[in-house]
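Hi everyone, thanks for coming.

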Amino acid sequence: MLCKCGHTLSTVATPNDIELHVYTDREMDAIIAMDTMDPLDIPDPEREVWRCPQCERVYVFKGNKVVKTYVLESDDE
C-alpha cells in the first residue's frame, strides 16, 4: 500500500514496524479472561491498524478497506 506521503507500506515481512496490534479495553478483558499463556490462542484485533514510519499517519482497516486515516498533529500548536 502507498501511504499518502508516498512511502510504501508492507506487512509481508514479519516482524515489521507497520502493523500495530490494537485492542479495545473490552477485547483485552476477553483475552485476559481466557487465562492462556499461549500467544497463538490470542485472537486478532477487530480492526487492522498500520502506521507509516515516515510520516506517522495511522490507517485503520475494516477487512481490506481503509475506513479511517489519522494524521499526526504537533502539540506545539
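Let's start in the middle: the largest nonpolar core has 7 residues, namely C3, L9, I18, W50, C52, Y59 and F61. By nonpolar core I mean a set of buried Ala, Val, Leu, Ile, Met, Phe, Trp, Tyr and Cys residues joined through side-chain atoms within 4.5 Å. Buried means under 20% relative accessible area, exposed means over 50%, and partly exposed is in between, with a 1.4 Å probe and protein chains only. In soluble globular proteins, nonpolar side chains tend to be buried together.

A word on what you are looking at: this is a predicted model, where local features need pLDDT of at least 70 and side-chain atom pairs count only at pLDDT 80 or more, while totals for chains, interfaces and linings use all residues. Residues are numbered from 1 along each chain as its sequence is written, and side-chain values use heavy atoms, leaving out hydrogens and water.

Now stay with F61 for a moment. Leaving aside residues up to four places away in sequence, F61 touches M1, R47, E48, W50, V66 and V67, where contact means heavy atoms within 4.5 Å.

Next, the overall layout. The protein has 1 helix and 4 strands, in the order β-α-β-β-β from the N terminus. These are DSSP runs numbered from the N terminus: helices are H or I with at least four residues, strands are E with at least two.

Strand β3, residues 58-62, pairs with strand β4, residues 65-70, in the antiparallel sense over 5 bridges; pairing requires that DSSP finds at least two bridges between the strands. V58 stands opposite Y70 in β4. The two strands form a hairpin with 2 residues between them, and G63 in the turn has a positive phi of about 70°.

Which residue has a positive phi although it is not a glycine? That's E56, at about 70°, in the loop between β2 (48-51) and β3. E56 counts as partly exposed because its relative accessibility is 40%.

Another backbone detail: the peptide bond from T14 to P15 is cis, with omega near 0°. P15 lies in the segment before β1 (19-20). For context, most residues other than glycine have a negative phi, and most peptide bonds are trans.

D17 is also in the segment before β1, and D17 is exposed, at 63% relative accessible area. D17 and C52 are 35 residues apart in sequence and 8.3 Å apart in space, C-alpha to C-alpha.

That's my tour, thank you!
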